[in-house]
Amino acid sequence: GARKFAGKGADILLKSRLLIHKFNLKIRFFDGYDWPDKCTIQQREAAMRPGKMFVIEPVPASVLREKEKKLSQELEVKEKKSLARKAQLMGELLDTAVSRS
């Protein structure tokens with residue numbers, strides 16, 4: 001590097017700093033739904049509203065909570081049915097074991 005330009009055979013230590021006084025950077029992350037020809041009219045209108053950053057808005061937390069609540073209730077019902085079936089099978093096994101002995 002610097003040795004070639006200085007014309008010396010010894011190592012030359014260079015220290016440098018880069019000072020940035022004003023710097024603007026705009027980054028656009030592609031969300032996959034913003035191609036104008038593939039958007040519906042509602043999506044295009046949503047994109048034009050002030051303050052909107054994405055064509056497809058995230059699902060509100062209240063909707064997610066409702067879905068989670070519904071799924072947990074369904075899981076509870078399935079677990080209760082499963083436990084009832086296991087209890088029934090164990091009872092039948094015990095009844096047959098007692099009758100055989």
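What percentage of the 101 residues of the chain count as buried? Please then turn to the nonpolar patch on the surface.

Reply: This is a predicted model, in which local features need pLDDT of at least 70, side-chain atom pairs count only at pLDDT 80 or more, and totals for chains, interfaces and linings use all residues. Residues are numbered from 1 along each chain as its sequence is written, and side-chain values use heavy atoms, with hydrogens and water left out.

Of the 101 residues, 4% count as buried (under 20% relative accessible area; exposed is over 50%, partly exposed in between, with a 1.4 Å probe and protein chains only). The chain has three helices and zero strands (DSSP runs, H or I of at least four residues for helices and E of at least two for strands, numbered from the N terminus). The mean pLDDT, the predictor's confidence from 0 to 100, is 77 for the chain.

The patch consists of Leu 18, Ile 20, Phe 23, Leu 25, Ile 27 and Phe 29, with about 780 Å² of accessible area together (Shrake-Rupley method, 1.4 Å probe, only the protein chains shown counting as cover). Such patches take residues with over 30% relative accessible area and no salt bridge, joining nonpolar side chains within 5 Å and like charges within 9 Å; a salt bridge is a Lys or Arg side-chain nitrogen within 4 Å of an Asp or Glu carboxyl oxygen. Leu 18 lies in the loop between helix 1 and helix 2 (41-48), and Leu 18 counts as exposed because its relative accessibility is 74%.
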